[in-house]
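Subject: Structure handover

Hello,

Here is the structure I said I would pass on. My notes on what was found in it follow below.

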Amino acid sequence: MGHISNSETNSTPQATPQADTQAAPLSTPFPARDRFADGAQYIAGRLAPGSSGRRHAVVDPATGTEAYDYELAGTADVDAAVAAAAEAFPGWSGATPGERSDALHRFAGVLAARAEEFAQAESLQCGKPIKLSREFDVPGSIDNTAFFAGAARHLQGQSAGEYSADHTSYVRREPIGVVGSIAPWNYPLQMAAWKVLPAIAAGNTIVLKPAELTPLTSLLFAEAATEAGIPDGVVNIVSGAGRDAGEHLVGHPDVAMTSFTGSTAVGKRVAEIATSTVKRLHLELGGKAPFVVFDDADLEAAVHGAVAGALINTGQDCTAATRAYVQRPLYDAFVSGVADLMATVRLGDPFDESTDLGPLISHAQRDRVAAFVDRARGYARIVTGGEAPKNNGLAEGAYYRPTLIADAAQDSEIVQAEIFGPVLVVLPFDSDDEGIRLANDTPYGLAASAWTRDVFRAGLATRAIKAGCVWVNDHIPILSEMPHGGYKASGFGKDMSAYSFEEYTQIKHVMYDNTAVARKDWHRTVFGDRA
Ligand code: NAD
């Protein structure tokens with residue numbers, strides 16, 4: 001996810017069918033080994049090595065070559081990071097909103113000045129097409145930073161008042177303390193931004209654990225915070241494994257809140273630990289977004305929207321369009337239109353500016369996606385794709401062709417499970433009610449879209465679909481000002497927007513006696529009679 005402008009929505013990819021590009025890098029790869037020679041932990045304003053005794057490699061998924069390797073964080077590193085965050089908390093939470101806002105404005109400026117470095121690092125570790133990193137992930141994160149710089153001065157609550165004749169009450173909105181956050185690998189920079197910014201704008205300090213595969217841009221982000229003058233210890237990064245560093249962070253007694261983005265399966269484990277240690281909990285989990293096309297929709301718009309919505313970030317997007325439900329009169333044309341457009345998408349070197357689709361995050365993830373599709377062959381029809389490319393040097397990378405699957409049953413695995421790859425499944429429906437019922441028929445509820453020119457159908461879909469976001473005639477764009485978060489098994493709590501302050505602040509009721517009398521009227525309920 002990130003900030004996508006709609007200014008070019010009418011343009012059509014200029015490509016020949018299956019025109020994979022050559023795998024010759026056009027730009028200088030991010031020098032990860034030199035940049036992070038001191039280690040992949042960022043604690044109290046400094047890079048440091050891990051102390052787990054176990055090393056982990058960052059592998060370029062486009063080539064399978066190792067770009068960086070580092071010692072994972074152990075529990076002692078998590079303890080040190082939490083201690084640094086706890087030490088920084090009194091000063092940072094005591095700063096005025098204006099002071100925090102100034103620091104965040106400077107932070108946005110540092111990020112903007114280093115935008116290209118962030119884009120290079122993100123594309124290296126994730127295999128994202130450089131145009132996606134440059135136009136989506138990085139500007140989206142800068143915009144988020146600028147948004148929270150403003151929002152830091154605008155924490156709101158109930159106004160003070162005499163809700164009893166004898167008292168004045170008001171509400172204080174206070175930071176929670178040290179936040180422990182855990183992020184996935186699909187949008188490492190944006191996830192770091194979504195976790196760090198509302199937390200620190202509200203006066204908390206944070207320890208963020210990025211996914212093991214993708215620590216690079218989280219480290220750059222924390223360094224940029226220091227460069228912007230945000231005090232040491234406010235933003236800390238522990239690059240460690242989920243099972244030890246992650247669980248230790250969630251269970252840590254000095255961590256007041258857990259904010260987790262990742263799969264629903266891991267989210268359940270995180271919830272168990274956080275609940276048993278009585279922590280504030282925010283969960284952003286998996287998705288399986290429906291894409292509902294009614295029979296009055298603009299077919300060309302729906303076809304373009306489906307291909308873009310399904311393939312963004314090689315389908316590794318929690319809000320990606322994964323299940324297209326198309327009303328019967330448009331079904332055949334939609335299937336052939338999507339298949340034709342998918343065939344024009346150019347797989348290639350992520351650093352080639354003409355590449356549309358990069359590899360998946362890893363060979364393991366590619367094989368996982370391929371296994372879902374291979375199992376579906378037994379009960380559904382692969383309309384296009386369904387294989388890894390073997391040409392133009394792409395065979396070494398974790399690539400998989402854009403894949404459209406039809407004729408699957410609603411209760412089949414390919415329709416119900418989160419695949420997290422460039423795979424769209426399409427099913428027909430007849431009545432409007434059936435389309436909406438099918439859209440709601442998975443455990444997830446993160447995002448959805450409805451495609452129609454009828455305002456009443458759009459109104460019904462936006463009311464009846466159970467998801468944290470419903471787009472009408474688009475799918476994917478998000479905004480710093482608007483909340484992102486799930487319904488159902490997609491979790492709870494909101495990222496971005498002023499709503500995220502509900503997660504990262506706690507509310508205190510302050511009540512003053514206005515009477516100055518020793519014997520208050522209500523005391524007679526405990527002793528004595530009315531005065
Ligand atoms: P994942 O759940 O495997 O891992 C996420 C993070 O959790 C990683 O940092 C990992 O190291 C850590 N982790 C793993 N086991 C842990 C444990 N036992 N205790 C604590 N931490 C642990 O997810 P992933 O494969 O990295 O990312 C893909 C998933 O993330 C998808 O399900 C996707 O839908 C979801 N996602 C959701 C959103 C959202 O906003 N709802 C956004 C992006 C990604």
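**A loop residue and a strand residue**

F420 counts as buried, because its relative accessibility is 16% (buried means under 20% relative accessible area, exposed over 50%, partly exposed in between, with a 1.4 Å probe and protein chains only). Please note that this is a predicted model, in which local features need pLDDT of at least 70, side-chain atom pairs count only at pLDDT 80 or more, and totals for chains, interfaces and linings use all residues. Residues are numbered from 1 along each chain as its sequence is written, and side-chain values use heavy atoms, with hydrogens and water left out.

F420 sits in the loop between α13 (413–416) and β16. Helices (H or I, at least four residues) and strands (E, at least two) are DSSP runs, numbered from the N terminus. The phi of F420 is near 60°, a positive value in a residue other than glycine. K488 also has a positive phi, near 55°, and is not a glycine. K488 belongs to strand β20 (residues 487–488) and is partly exposed, with a relative accessible area of 38%.

**Helix α10**

Helix α10 covers residues 299–311, which is 13 residues. From first C-alpha to last, α10 reaches 18 Å, close to the 18 Å expected at 1.5 Å a residue (the expected span being 1.5 Å times one less than the number of residues). At its start, a side-chain oxygen of D298 comes to within 3.1 Å of the backbone nitrogen of E300. Just after α10, N313 has a positive phi of about 55°.

The buried residues of α10 are A302, V303, G305, A306, V307, G309, A310 and L311. An α-helix has 3.6 residues a turn, so residues three or four places apart point the same way. Among the elements that cover the buried residues of α10 are β12 (289–293), β13 (321–327), α11 (328–342), β16 (423–429) and β18 (447–451).

**The seven-stranded sheet**

Seven strands form an open sheet in the order β14-β15-β16-β13-β12-β18-β19, with mixed pairing (two strands pair if DSSP finds at least two bridges between them). At the edges are β14 (381–384) and β19 (469–472), each of which pairs on one side only. On average, neighbouring strands of this sheet are turned by 25° against each other, direction ignored. Axes here are lines fitted to C-alpha atoms, for helices over the stretch in contact, and angles run from 0 to 180 degrees between N-to-C directions.

β18 and β19 pair in the parallel sense over four bridges. A450 is opposite V472 in β19. Helix α15 (residues 455–464) packs on the sheet and touches β13, β18 and β19 (contact means heavy atoms within 4.5 Å). The direction of α15 makes about 165° with that of β19.

**Salt bridges**

Side chains of opposite charge can pair when their charged atoms come close. The whole structure has 34 salt bridges, a salt bridge being a side-chain nitrogen of Lys or Arg within 4 Å of a carboxyl oxygen of Asp or Glu. These are some of them:

- E66 and R33 meet through their side chains at 3.6 Å, N to O, in a salt bridge. E66 is in strand β4 (residues 65–71) and R33 in helix α1 (residues 32–35), so the pair ties together parts that are 33 residues apart in sequence. E66 is partly exposed at 43% relative accessibility, and R33 is partly exposed at 41%.
- R457 and D432 form a salt bridge whose closest N and O atoms are 2.8 Å apart. R457 lies in helix α15 and D432 in helix α14 (residues 432–439), so the pair ties together parts that are 25 residues apart in sequence. R457 and D432 are both buried.
- K520 and D513 form a salt bridge at 3.3 Å, N to O. K520 is partly exposed at 22% relative accessibility, as is D513 at 32%.
- A network of salt bridges links R35, R114, E117, E223 and E227.

**T261**

T261 lies in strand β10 (residues 257–261) and is buried, with a relative accessible area of 9%. Leaving aside neighbours within four places in sequence, T261 is in contact with I182, A183, P184, M191, K195, E284 and D495. The side chains of T261 and K195 make a polar contact of 2.7 Å. A polar contact is a pair of N or O atoms within 3.5 Å; within protein, one must be able to donate a hydrogen and the other to accept it, and residues adjacent in sequence count only if both atoms are side-chain atoms.

Regards
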